Amino acid sequence: MSRFDLFFVVTDQCREDEDRSMAEYILNKHCGLDHTAAMYSRTMLQRYVQYAKALEPRFTRESSELLRDSFMRLRADYKLNKSTSYMITVRQLESLVRLSEALAKMNNDVCVRREYVAEASRLLRDSIIRIEREDILVAEDYQPMPMTQMPIELPARRM
(Lines give C-alpha, C1' and ligand atoms only; values in the text may rest on other atoms or scores of the structure.)
Protein backbone atom coordinates (compact mmCIF):
# COMPACT_ATOMS: atom_id res chain seq x y z
CA MET A 1 0.00 0.00 0.00
CA SER A 2 2.91 2.37 0.56
CA ARG A 3 3.53 2.62 -3.19
CA PHE A 4 0.26 4.43 -3.86
CA ASP A 5 -0.45 8.12 -3.36
CA LEU A 6 -4.17 7.56 -2.77
CA PHE A 7 -6.00 4.59 -1.35
CA PHE A 8 -9.79 4.38 -1.43
CA VAL A 9 -12.05 1.60 -0.28
CA VAL A 10 -14.77 1.15 -2.86
CA THR A 11 -18.06 -0.17 -1.59
CA ASP A 12 -20.89 -1.42 -3.74
CA GLN A 13 -24.13 0.26 -2.79
CA CYS A 14 -27.34 -1.49 -3.89
CA ARG A 15 -29.54 1.00 -5.72
CA GLU A 16 -32.31 -0.52 -7.82
CA ASP A 17 -32.34 2.18 -10.54
CA GLU A 18 -28.57 2.15 -10.99
CA ASP A 19 -28.38 -1.65 -10.81
CA ARG A 20 -31.03 -2.01 -13.54
CA SER A 21 -29.34 0.57 -15.76
CA MET A 22 -25.91 -1.04 -15.30
CA ALA A 23 -27.27 -4.54 -15.98
CA GLU A 24 -29.01 -3.35 -19.16
CA TYR A 25 -25.86 -1.60 -20.39
CA ILE A 26 -23.65 -4.65 -19.81
CA LEU A 27 -26.16 -7.06 -21.34
CA ASN A 28 -26.62 -4.80 -24.38
CA LYS A 29 -22.84 -4.75 -24.92
CA HIS A 30 -22.73 -8.56 -24.80
CA CYS A 31 -25.68 -8.82 -27.22
CA GLY A 32 -24.09 -6.41 -29.69
CA LEU A 33 -26.68 -3.71 -29.03
CA ASP A 34 -24.22 -1.05 -27.81
CA HIS A 35 -25.05 2.18 -29.63
CA THR A 36 -23.02 4.61 -27.54
CA ALA A 37 -20.70 6.84 -29.52
CA ALA A 38 -17.21 7.60 -28.27
CA MET A 39 -16.81 11.20 -27.18
CA TYR A 40 -13.17 11.29 -28.33
CA SER A 41 -11.37 9.20 -30.90
CA ARG A 42 -8.53 6.92 -29.83
CA THR A 43 -6.05 9.08 -31.77
CA MET A 44 -7.29 12.24 -30.06
CA LEU A 45 -6.89 10.67 -26.61
CA GLN A 46 -3.39 9.43 -27.44
CA ARG A 47 -2.37 12.93 -28.55
CA TYR A 48 -3.81 14.44 -25.37
CA VAL A 49 -1.92 11.98 -23.15
CA GLN A 50 1.30 12.49 -25.11
CA TYR A 51 1.01 16.27 -24.78
CA ALA A 52 0.13 16.11 -21.07
CA LYS A 53 3.13 13.84 -20.36
CA ALA A 54 5.45 16.39 -21.98
CA LEU A 55 4.23 19.24 -19.76
CA GLU A 56 6.40 20.19 -16.80
CA PRO A 57 4.20 22.46 -14.70
CA ARG A 58 5.87 24.66 -12.09
CA PHE A 59 4.50 25.73 -8.73
CA THR A 60 3.65 29.38 -8.20
CA ARG A 61 4.71 30.97 -4.92
CA GLU A 62 1.10 30.92 -3.69
CA SER A 63 0.53 27.29 -4.60
CA SER A 64 3.83 26.29 -3.01
CA GLU A 65 2.86 28.01 0.24
CA LEU A 66 -0.58 26.36 0.18
CA LEU A 67 1.06 22.97 -0.38
CA ARG A 68 3.37 23.52 2.60
CA ASP A 69 0.46 24.64 4.78
CA SER A 70 -1.71 21.70 3.69
CA PHE A 71 1.05 19.25 4.58
CA MET A 72 1.63 20.90 7.94
CA ARG A 73 -2.13 20.73 8.70
CA LEU A 74 -2.15 17.00 7.87
CA ARG A 75 0.80 16.45 10.21
CA ALA A 76 -0.79 18.52 12.98
CA ASP A 77 -4.11 16.65 12.65
CA TYR A 78 -2.29 13.32 12.87
CA LYS A 79 -0.31 14.45 15.91
CA LEU A 80 -3.51 15.60 17.67
CA ASN A 81 -5.73 12.56 17.29
CA LYS A 82 -3.69 9.80 15.60
CA SER A 83 -6.91 8.34 14.21
CA THR A 84 -5.42 7.47 10.84
CA SER A 85 -4.28 4.00 9.96
CA TYR A 86 -0.86 5.25 8.88
CA MET A 87 1.50 8.05 9.80
CA ILE A 88 1.67 11.32 7.87
CA THR A 89 5.25 11.60 6.64
CA VAL A 90 7.28 13.34 3.95
CA ARG A 91 5.87 10.64 1.67
CA GLN A 92 2.49 12.41 1.81
CA LEU A 93 4.18 15.73 0.95
CA GLU A 94 5.65 14.07 -2.13
CA SER A 95 2.21 12.68 -2.93
CA LEU A 96 0.73 16.17 -2.72
CA VAL A 97 3.38 17.43 -5.15
CA ARG A 98 2.73 14.59 -7.64
CA LEU A 99 -1.05 14.94 -7.42
CA SER A 100 -0.91 18.73 -7.85
CA GLU A 101 1.35 18.40 -10.89
CA ALA A 102 -0.90 15.71 -12.35
CA LEU A 103 -3.94 17.97 -11.98
CA ALA A 104 -2.08 20.77 -13.78
CA LYS A 105 -1.13 18.36 -16.59
CA MET A 106 -4.69 17.09 -16.81
CA ASN A 107 -5.79 20.70 -17.35
CA ASN A 108 -2.96 21.40 -19.86
CA ASP A 109 -1.60 24.05 -17.53
CA VAL A 110 2.07 25.04 -17.25
CA CYS A 111 1.49 26.32 -13.70
CA VAL A 112 0.49 24.35 -10.63
CA ARG A 113 -2.20 26.65 -9.32
CA ARG A 114 -3.72 26.93 -5.85
CA GLU A 115 -6.90 25.13 -6.95
CA TYR A 116 -4.85 22.09 -8.02
CA VAL A 117 -3.08 21.99 -4.66
CA ALA A 118 -6.40 22.37 -2.84
CA GLU A 119 -7.90 19.47 -4.83
CA ALA A 120 -4.81 17.31 -4.29
CA SER A 121 -5.00 18.03 -0.56
CA ARG A 122 -8.71 17.15 -0.50
CA LEU A 123 -8.09 13.89 -2.36
CA LEU A 124 -5.27 12.90 -0.01
CA ARG A 125 -7.24 13.85 3.09
CA ASP A 126 -10.29 11.89 1.88
CA SER A 127 -8.18 8.84 1.10
CA ILE A 128 -6.71 8.58 4.58
CA ILE A 129 -8.42 5.67 6.26
CA ARG A 130 -9.71 6.60 9.67
CA ILE A 131 -9.89 4.05 12.44
CA GLU A 132 -13.48 4.12 13.63
CA ARG A 133 -13.56 1.14 15.98
CA GLU A 134 -11.85 0.17 19.14
CA ASP A 135 -9.07 -2.39 18.94
CA ILE A 136 -10.24 -5.99 18.93
CA LEU A 137 -9.13 -7.66 22.13
CA VAL A 138 -8.13 -11.30 21.96
CA ALA A 139 -8.00 -13.45 25.06
CA GLU A 140 -4.47 -14.14 26.28
CA ASP A 141 -5.01 -17.89 26.08
CA TYR A 142 -6.48 -17.76 22.54
CA GLN A 143 -5.09 -20.40 20.20
CA PRO A 144 -6.16 -20.36 16.55
CA MET A 145 -7.64 -23.59 15.21
CA PRO A 146 -5.14 -25.50 13.03
CA MET A 147 -6.09 -25.56 9.35
CA THR A 148 -6.26 -29.35 9.45
CA GLN A 149 -9.09 -29.21 11.99
CA MET A 150 -11.24 -26.60 10.26
CA PRO A 151 -14.65 -27.90 9.17
CA ILE A 152 -14.36 -27.47 5.40
CA GLU A 153 -16.58 -29.37 2.99
CA LEU A 154 -14.98 -29.97 -0.36
CA PRO A 155 -17.24 -29.95 -3.41
CA ALA A 156 -17.91 -33.33 -5.03
CA ARG A 157 -15.59 -34.08 -7.93
CA ARG A 158 -17.11 -34.31 -11.36
CA MET A 159 -16.17 -37.36 -13.37
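**Close-up views of a predicted model**

At 45% relative accessibility, Tyr40 counts as partly exposed, a label for anything between buried (under 20% relative accessible area) and exposed (over 50%), using a 1.4 Å probe and protein chains only. What you're looking at is a predicted model, where local features need pLDDT of at least 70, side-chain atom pairs count only at pLDDT 80 or more, and totals for chains, interfaces and linings use all residues. Residues are numbered from 1 along each chain as its sequence is written, and side-chain values use heavy atoms, with hydrogens and water left out.

**View A. Tyr40 and its nonpolar patch.** Tyr40 sits in the loop between helix 1 (16-30) and helix 2 (42-54). Helices here are DSSP runs of H or I with at least four residues, strands are runs of E with at least two, and both are numbered from the N terminus. Together with Met39, Met44 and Leu45, Tyr40 makes a nonpolar surface patch with about 470 Å² of accessible area. Areas come from the Shrake-Rupley method with a 1.4 Å probe, and for residues only the protein chains shown count as cover.

**View B. Asp109 in its loop.** You'll find Asp109 between helix 4 (90-106) and strand 2 (111-112), and at 11% relative accessibility it counts as buried. Leaving aside neighbours within four places in sequence, Asp109 touches Leu55, Pro57, Ala104 and Tyr116, contact meaning heavy atoms within 4.5 Å. Leu55 is 54 residues away in sequence, but the two C-alpha atoms are 7.9 Å apart. The side chain of Asp109 also reaches the backbone nitrogen of Cys111 at 3.1 Å, and a polar contact of 2.9 Å joins it to the side chain of Tyr116. Polar contacts are N or O pairs within 3.5 Å; within protein, one atom must be able to donate a hydrogen and the other to accept it, and residues adjacent in sequence count only if both atoms are side-chain atoms.

**View C. Helix 4 and its buried residues.** Gln92, Ser95, Leu96, Leu99, Ser100, Leu103 and Ala104 are buried in helix 4. The helix's buried residues pack against strand 1 (58-59), helix 3 (61-81), strand 2 and helix 5 (114-127). After helix 4 comes Asn108, with a positive phi near 55°.

Methods
Patches are made of residues with over 30% relative accessible area and no salt bridge: like charges are joined within 9 Å, nonpolar side chains (Val, Leu, Ile, Met, Phe, Trp, Tyr) within 5 Å. A salt bridge is a side-chain nitrogen of Lys or Arg within 4 Å of a carboxyl oxygen of Asp or Glu.
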